[in-house]
Amino acid sequence: MISGIVLAGGTSSRLGRPKQLLTLDGRPVLQHVVDAAAAPGSGLGEVVVVLGHLAGEVASALSLPLSARTVVNPDYATGQAGSMRTGLGAAAPESEAAVVLLGDQPGMPAAHIGAVVRAFGGGAGPIVQASFRGTPSHPVLFARSVWPELMAVTGDKGAREVIKAHPDWVVRVDLDAEIPPDLDTMEDYERLRGR
């Protein structure tokens with residue numbers, strides 16, 4: 001089984017309000033990511049949504065599919081790495097790998113997630129990263145053998161440090177698409193609403 005870890009614990013400091021709760025096409029931004037992760041085309045067996053800032057409010061705004069559950073990172077203020085550790089720690093014991101997804105990328109389709117999962121299933125390597133017309137980005141899959149490295153990361157660095165430290169572990173999956181935009185500012189939000 002492959003787990004999806006959706007990182008959604010941040011404070012949205014650049015935006016000034018919780019971006020997880022902003023509405024896009026009648027659903028919270030975070031709901032779009034959760035739905036894509038839980039869709040059949042993603043290839044994920046479970047979805048762990050890591051909450052932090054305003055966890056109760058965000059959780060109550062979500063409609064969780066059967067394969068999804070939330071966990072709370074009590075140290076969300078220390079940065080993304082803590083949420084990643086919380087998510088990996090909550091993954092099912094039988095999980096072979098985890099795909100790390102960002103809770104502020106509502107345009108991430110299930111097909112992109114499925115592409116990295118299929119590559120891993122085909123023996124691609126311990127880290128499989130999507131590449132959008134030559135630019136590496138999320139989603140990124142990490143085999144369980146890599147999790148100890150991820151658990152050692154601190155601060156707001158996330159998994160980038162592990163990818164940088166072990167380029168020989170990384171296999172990239174080329175996708176003929178633009179990188180799904182993330183949402184950091186109100187301008188980003190207005191652009192997403194206009195699409």
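Colleague: Which residues are exposed on the other side of H7?

Modeller: This is a predicted model, and helix H7 spans residues 186-194. In H7, Asp188, Tyr189 and Leu192 are buried. The residues exposed on the other side of H7 are Glu187, Arg191 and Gly194.

Colleague: Why are the buried residues of H7 placed on the same side of the helix?

Modeller: The buried residues in question are Asp188, Tyr189 and Leu192. They lie on the same side of H7 because the arc that they cover around the axis is only 100 degrees.

Colleague: Against which strand do the buried residues of H7 pack?

Modeller: Buried here means under 20% relative accessible area, and Asp188, Tyr189 and Leu192 of H7 are buried. The strand against which the buried residues of H7 pack is S2 (23-24).

Colleague: Turning to the sheet, which are its edge strands?

Modeller: The open sheet has 7 strands with mixed pairing, in the order S5-S4-S1-S6-S8-S7-S9. An edge strand pairs on one side only, and this holds for S5 (68-72) and S9 (170-175).

Colleague: Over how many bridges do S7 and S8 pair?

Modeller: In the order of the sheet, S8 stands between S6 and S7. Strand S6 (residues 97-102) pairs with S8 (residues 135-143) in the antiparallel sense over 4 bridges. Strand S7 (residues 127-132) also pairs with S8 in the antiparallel sense, and the number of bridges is 6.

Colleague: Which residue in the hairpin of S7 and S8 takes a positive phi?

Modeller: Serine 131 stands opposite proline 136 in S8. The hairpin has 2 residues between the strands, and the residue with a positive phi, near 50 degrees, is arginine 133.

Colleague: Which residue in S8 stands opposite valine 99?

Modeller: The pairing of S6 and S8 is antiparallel, and alanine 98 stands opposite phenylalanine 142 in S8. The residue opposite valine 99 is leucine 141.

Colleague: What angle does the direction of H4 make with that of S8?

Modeller: H4 packs on the sheet, where it touches S1 (2-8), S6, S7, S8 and S9. Between the direction of H4 and that of S8, the angle is about 50 degrees.

Definitions and conventions:
Residues numbered from 1 in each chain as written. Predicted model: local features only at pLDDT ≥ 70, side-chain atom pairs only at ≥ 80, totals over all residues. Heavy atoms only, no water. Pairing = 2+ DSSP bridges. Contact = heavy atoms within 4.5 Å. Axes fitted to C-alpha atoms, helices over the stretch in contact; angles between N-to-C directions. Buried < 20%, exposed > 50% of the residue type's maximum accessible area, 1.4 Å probe, protein only. Arc of directions from axis to C-beta.
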